[in-house]
Amino acid sequence: MENVILDTCDDPCSGTETDLQTVKDAMIDEPTMNELADIFKALGDPTRVRIIYALMQKELCVHDLTVVLEMGQSAVSHQLRVLRNLRIVKRRKAGKTVYYSLDDVHIEQIFAQTLHHVKHG
């Protein structure tokens, strides 16, 4: 049988002597917390991760993404809509073609740092 390490104190604990009010005052508001959680949920889907990684390389249209990801157009379009609604990707129309790219440098930084963390471990 495996030994299970519990993340609890061995003795009854009345907390630390830290001023918890400063921590509480620094907490982010509920709407911001929900938006942040939604972004991490979006990054929790392997297909969306693949789309983001492809768009880190260059701006692509839906057709290009279907070829790169070897997926159907409706599936790619659905994932792009989710990413666009969360402001992870943006679109640019040129004639009849719609091109997608990452919304801003922050998305690329979040993704790159997370990828670095995964590869580091």
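Val105 lies in helix H6 (helices are DSSP runs of H or I with at least four residues, strands are runs of E with at least two, and both are numbered from the N terminus). Val105 is partly exposed, with a relative accessible area of 49% (buried means under 20%, exposed over 50% and partly exposed in between, using a 1.4 Å probe and protein chains only). This is a predicted model, where local features need pLDDT of at least 70, side-chain atom pairs count only at pLDDT 80 or more, and totals for chains, interfaces and linings use all residues. Residues are numbered from 1 along each chain as its sequence is written, and side-chain values use heavy atoms, with hydrogens and water left out.

**Helix H6 and its reach along the chain**

- Val105 sits 49 residues from Met56 in sequence, and their C-alpha atoms are 9.9 Å apart in space.
- Further along, Leu115 also has its place in helix H6, and at 29% relative accessibility Leu115 counts as partly exposed.
- Between Leu115 and Arg48 there are 67 residues in sequence and 14 Å in space, C-alpha to C-alpha.

**The largest pocket**

- Here is a friendly starting point: rolling a probe the size of a water molecule over the atoms shows where empty space is left.
- The largest pocket holds about 180 Å³ of space (a pocket is an open set of points on a 1 Å grid over the protein atoms alone, where a 1.4 Å probe fits, with protein on both sides within 12 Å along at least five of seven lines; the volume is the space filled by probe spheres set on the points, which are joined across faces, edges and corners).
- Two or more lining residues come from each of helix H2 (30-42) and helix H6 (105-120).
- H2 gives the largest share of the lining, four residues.
- Among the lining residues are Glu35, Leu36, Ile39, Phe40, His106, Ile107 and Ile110 (a lining residue has an atom within 4 Å of a point).
- By class, the lining has six nonpolar, one polar and four charged residues (Ala, Val, Leu, Ile, Met, Phe, Trp, Tyr, Cys and Pro count as nonpolar, Asp, Glu, Lys and Arg as charged, and the others, Gly among them, as polar).

**Where H3 meets H5**

- The axes of helix H3 (residues 46-57) and helix H5 (residues 73-85) come within 10 Å and cross at roughly 80° (axes are lines fitted to C-alpha atoms, for helices over the stretch in contact, and angles run from 0 to 180 degrees between N-to-C directions).
- That makes H3 roughly perpendicular to H5 (65 to 115 degrees; under 35 is roughly parallel, over 145 roughly antiparallel and the rest oblique).
- From H3, Thr47, Arg48, Ile51 and Ile52 meet Val76, Gln79, Leu80, Val82 and Leu83 of H5 (contact means heavy atoms within 4.5 Å).
- The residues of this contact divide into six nonpolar, two polar and one charged.

- Gln79 lies in helix H5 and is buried, with a relative accessible area of 12%.
- Leaving aside neighbours within four places in sequence, Gln79 is in contact with Asp45, Thr47, Arg48 and Ile51.
- Ala75 is also placed in helix H5, but Ala75 is partly exposed at a relative accessible area of 30%.
- Ala75 and Thr47 are 28 residues apart along the chain, with 9.4 Å separating their C-alpha atoms.
- In helix H4 (residues 62-69) you will find Thr66, which is buried with a relative accessible area of 14%.
- Apart from neighbours within four places in sequence, Thr66 is in contact with Met71, Gly72, Gln73 and Val76.
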